Amino acid sequence: MIEYISSAQNPKIKKLLALQQKSSERRLEGLFVVEGRRELEHCIEVGYEVDSVFYCPDIIGRSADPAVDFPKGAKLFEVSAFVYDKIAYRAGTEGVIAEVRTRSLSLEDLKLSKNPLVIVLESVEKPGNLGAVLRSADAGGADAVIVCDPLTDLYNPNLIRSSIGAIFTVPCVACSSAECIDFLKERGIKIFTAQLQDSKLYYDTDFRGGSAIVMGTESTGLTDIWRKAADAHIRIPMLGRLDSLNVSVSAAILLFEAVRQRNG
């Protein structure tokens, strides 16, 4: 049965907005919000369970069949254009927003290739940066993105939006730096830390073996635990007046050098 919602004061709409806005609500309910058909398709493809779908016929088209177009078992809510405008996080999302069950991957859940390529981010603050890194990781065929001591949760709507669904296509794990270092060392994966001090140029580094490219925050860089654990310190040459790039740009440069070496 499909429920029609025409008021933004409906409790289900208020709950949806709370899930979008509050990480505490996402943790409490075990749900997060996915907006857009493409993102929802990626989510379903990798096995996430869709709890509820809110759709607007004025946007998706009156000829659409919710019973066919949306996951079986999901609760369906048809919303007015007015309500959809209130809940849409961005324009152009094809009139579909879903509440999806969260799930947590651990390091042990990662299925790494024989010659893994991993991106590690320490204390990433901005969900948009993490989303952009995930897009690069997907494009470069990275085995995983590991987020150590995160300052944002992995189901932040800004992260999902900026990743355009790569949060679902690339295995992403949150853990402590110490746990990550032990995991990499046990598997013989070399740790390459991006830093200015005591480092060599990234294109003079051999990434052809199992490699973890480790990035810190733009403001403070990496903590000492990573500097000491590193097999090599690497840097991107900075020829202007500034001494750093956006972390997502730096991650993409280093990742695709590794891809070039492995496929050259």
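Student: How many strands form the open sheet, and in what order?

Tutor: Strands of a sheet pair through backbone hydrogen bonds, either parallel or antiparallel. In this predicted model, 7 strands form an open sheet, ordered β8-β7-β6-β11-β9-β12-β10. The pairing is parallel. The edge strands are β8 (172–175) and β10 (200–201), each pairing on one side only.

Student: Which strand pairs with β8, and over how many bridges?

Tutor: Strand β7 (residues 144–148) does, in the parallel sense, over 4 bridges.

Student: Where does α12 lie?

Tutor: Across β6, β9, β11 and β12, at about 165° to β11. Helix α12 spans residues 247–263, 17 residues in total. From first C-alpha to last it reaches 24 Å, close to the 24 Å expected at 1.5 Å a residue.

Student: Which residues of α12 are buried?

Tutor: Buried here means under 20% relative accessible area. The buried residues in α12 are V247, S248, S250, A251, A252, L254, L255, E257, A258, V259 and Q261. Their cover includes β6 (117–122), α7 (127–140), β9 (190–194), β11 (211–215) and β12 (232–235).

Student: How much space lies in the largest pocket, and which residues are closest to its centre?

Tutor: About 450 Å³. The lining has 22 residues, and the closest to the centre are A194, Q195, L196, D243 and S244. The elements giving two or more residues to that lining are β12 and α12.

Technical notes:
Residues are numbered from 1 along each chain as its sequence is written. This is a predicted model: local features need pLDDT of at least 70, side-chain atom pairs count only at pLDDT 80 or more; totals for chains, interfaces and linings use all residues. Side-chain values use heavy atoms; hydrogens and water are left out. The expected span of a helix is 1.5 Å times one less than its number of residues. Buried means under 20% relative accessible area, exposed over 50%, partly exposed in between (1.4 Å probe, protein chains only). Contact means heavy atoms within 4.5 Å. Two strands pair if DSSP finds at least two bridges between them. Axes are lines fitted to C-alpha atoms, for helices over the stretch in contact, and angles run from 0 to 180 degrees between N-to-C directions. On a 1 Å grid over the protein atoms alone, a cavity is a set of points where a 1.4 Å probe fits but cannot get out, and a pocket is an open set with protein on both sides within 12 Å along at least five of seven lines; lining residues have an atom within 4 Å of a point. Grid points are joined across faces, edges and corners, and a volume is the space filled by probe spheres set on the points.
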